Amino acid sequence: MAIKVKPYDSKNISDAIKIWNEIVREGIAFPQEDELDEITGDEFFKAQSFTGLAFDEDSGEILALYILHPNNVGRCAHISNASYAVRSDVRGRHIGEIIVKDCIARAKELGFRILQFNAVVATNIHARHLYKRLGFKELGIIPGGFRMPDGSFEDIVPQFIDLT
């Protein structure tokens with residue numbers, strides 16, 4: 001399977017929100033609780049510094065996406081933040097690694113100096129292993145920083161990678 005990451009285009013909104021909303025519904029990774037529709041989704045994806053869609057070049061299917069944007073404003077606007085979503089039926093095929101690497105390269109191109117994740121859920125072991133393998137550093141633990149769908153709280157592990 002050959003995968004190519006391309007910039008978001010409104011013509012792909014249906015597939016993009018389907019992938020995004022699947023993660024929101026699962027409730028174990030993204031902080032968002034509200035699903036996107038075609039209007040709010042298009043606005044959301046266009047508002048990012050970059051939204052990347054991972055296509056299977058053979059089938060043309062969209063398998064994953066990511067958003068990249070500043071983590072803060074003003075004196076901290078050089079720090080970026082990102083979120084990643086891989087379709088559940090294609091997880092385990094290293095597509096996440098492809099989009100994280102693409103995101104790192106894109107963040108550098110856009111002039112960001114750091115890529116920081118504020119809320120990596122401690123139980124998201126696959127993501128944490130990937131980030132570690134790619135050179136991210138964990139910043140510590142925020143106890144109970146993420147509310148799970150059942151109302152319980154999980155720790156979050158903020159992390160970053162220096163892009164300079």
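Strand E7 (142-147) gives the most to the lining of the second largest pocket, with three residues. The model is predicted, and totals for linings use all residues, whereas local features need pLDDT of at least 70. Residues are numbered from 1 along each chain, and side-chain values use heavy atoms.

**Exercise 1.** Describe the second largest pocket by volume, lining and class.

*Solution.* Step 1: a pocket is an open set of points on a 1 Å grid over the protein atoms alone, where a 1.4 Å probe fits, with protein on both sides within 12 Å along at least five of seven lines; lining residues have an atom within 4 Å of a point. Step 2: the volume, the space filled by probe spheres set on the points, is about 220 Å³. Step 3: 13 residues line this pocket, and Gly-27, Pro-31, Gln-32, Glu-33 and Arg-147 are the closest to its centre. Step 4: the lining divides into six nonpolar, three polar and four charged residues.

**Exercise 2.** Determine which helix supplies the largest share of the lining of the largest pocket.

*Solution.* Step 1: the largest pocket has a volume of about 1100 Å³ and is lined by 39 residues. Step 3: the largest share, seven residues, comes from H4.

Terms used:
Predicted model: local features only at pLDDT ≥ 70, side-chain atom pairs only at ≥ 80, totals over all residues. Helix = DSSP H or I, 4+ residues; strand = E, 2+ residues; numbered from the N terminus. Nonpolar A, V, L, I, M, F, W, Y, C, P; charged D, E, K, R; others polar.
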